[in-house]
Number of protein chains: 2
Amino acid sequence: MSLASTPSRKNLTSGLDAGSAASKARLRVWLRILKVSRLIERELRERLRVEFDTTLPRFDVMAALYRAEKGLNMSELSGVLRVSNGNVTGIVGRLVADGLIVRVPVEGDRRAMIVRLTAKGRTHFSELAKGHEDWVNELLGSVDATEAETLIAQLGDIGRRLDQLKAVDK
Amino acid sequence: MSLASTPSRKNLTSGLDAGSAASKARLRVWLRILKVSRLIERELRERLRVEFDTTLPRFDVMAALYRAEKGLNMSELSGVLRVSNGNVTGIVGRLVADGLIVRVPVEGDRRAMIVRLTAKGRTHFSELAKGHEDWVNELLGSVDATEAETLIAQLGDIGRRLDQLKAVDK
């Protein structure tokens, strides 16, 4: 539609064809991203279950806590889990029961609690993370180092655009 | 581990470093695929809901039936939905009630039924598909035609490898 009002576009018909071809190509990009993402995620969930008797939401919580050595509060953890569809309270409760994380009071705020990994939790997560990286390395084995850098850059551009579109929505 | 037993690898240490760098790069590729895929999927689910009062599993069922003009049986539809986590029986029932698909008997097999889109269903899905393609075109707007072709090829290679790995598992 906006094409018609672009004076610089000399050949409207070929312009529309090109637009439509690009649109179809982007659709194919999306369908392939979706396929690859679902296949890899299913494989990772299955391997976490079989080899470590754990789940992706548990993995995601521990990954976030591994990075945040000082711990995170429940709302920060919810942000992490919004993405993997887990129930934070339930997952945190079970990780505490398993001795992998602890609830600790926040200094200077008697009502606030944060959770953080125990020593056992850090060791356990290191093993999970090692397995996880090895699996991804195997699953993406067809991607060489140069291709990987290109993909990282391109997907980074796509992600930033999506973040911007989301920010505009709000 | 297998590196150590590869005689052609002259410099074991740099070999391990390179292996580890490639592994980290593949991990970053995966994390970006996951992020992009979740952002786009969430956006598409939201737009299908707001603009067409429909869901991704309904869209996926209609998309499969749009391509298969002769119709599909329930087990073929389950294959489609295994991917988008829908309940085939429930979704088919509601699409029938909405007059978008019909159940028809299979010629020569009195017990078998297939479902296929009605004329209303085909028209409705054309509109959905147009909206869906426009949204993807917008969301992936940072990808030009050349980049799209590269991405399609690379993601295609990754997908084929994943299909092969899955086939080997079985």
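**A walk through a pocket and a helix crossing**

In the second largest pocket, α1(B) supplies the largest share of the lining, with twelve residues. Bear in mind that this is a predicted model.

Let's stay with that pocket for a moment. The space in the second largest pocket comes to about 880 Å³. Its lining counts 33 residues, and those closest to the centre are D60(A), A63(A) and R67(A), along with L31(B) and L34(B). Which elements give two or more residues to this lining? From chain A you get α2, α3 (74-84), α5 (119-139) and α6 (145-169), and from chain B there is α1 (12-52). Sorted by class, the lining of the second largest pocket holds 16 nonpolar residues, 13 charged ones and four polar ones.

Now follow α2(A) elsewhere. Helix α2 (residues 56-67) of chain A and helix α4 (residues 88-97) of chain A have axes that come within 10 Å and cross at roughly 75°. Angles of 65 to 115 degrees count as roughly perpendicular, so α2(A) and α4(A) are roughly perpendicular to each other. On the α2(A) side, the contact is made by P57(A), R58(A), V61(A) and M62(A), while α4(A) brings in I91(A), R94(A) and L95(A). Five of the residues in this contact of α2(A) with α4(A) are nonpolar and two are charged, with no polar ones.

One last stop is D109(A), which sits in strand β2 (residues 109-117) of chain A. Is D109(A) buried, partly exposed or exposed? Its relative accessibility is 33%, so D109(A) counts as partly exposed. Between the C-alpha atoms of D109(A) and L65(A) there are 20 Å, and the two residues are 44 residues apart along the chain.

Conventions
Residues are numbered from 1 along each chain as its sequence is written. Chains are lettered from A and ligands numbered from 1 in the order in which they are written. This is a predicted model: local features need pLDDT of at least 70, side-chain atom pairs count only at pLDDT 80 or more; totals for chains, interfaces and linings use all residues. Side-chain values use heavy atoms; hydrogens and water are left out. Axes are lines fitted to C-alpha atoms, for helices over the stretch in contact, and angles run from 0 to 180 degrees between N-to-C directions. Helices (H or I, at least four residues) and strands (E, at least two) are DSSP runs, numbered from the N terminus. Angles under 35 degrees count as roughly parallel, over 145 as roughly antiparallel, 65 to 115 as roughly perpendicular and the rest as oblique. Contact means heavy atoms within 4.5 Å. Ala, Val, Leu, Ile, Met, Phe, Trp, Tyr, Cys and Pro count as nonpolar, Asp, Glu, Lys and Arg as charged, and the others, Gly among them, as polar. On a 1 Å grid over the protein atoms alone, a cavity is a set of points where a 1.4 Å probe fits but cannot get out, and a pocket is an open set with protein on both sides within 12 Å along at least five of seven lines; lining residues have an atom within 4 Å of a point. Grid points are joined across faces, edges and corners, and a volume is the space filled by probe spheres set on the points. Buried means under 20% relative accessible area, exposed over 50%, partly exposed in between (1.4 Å probe, protein chains only).
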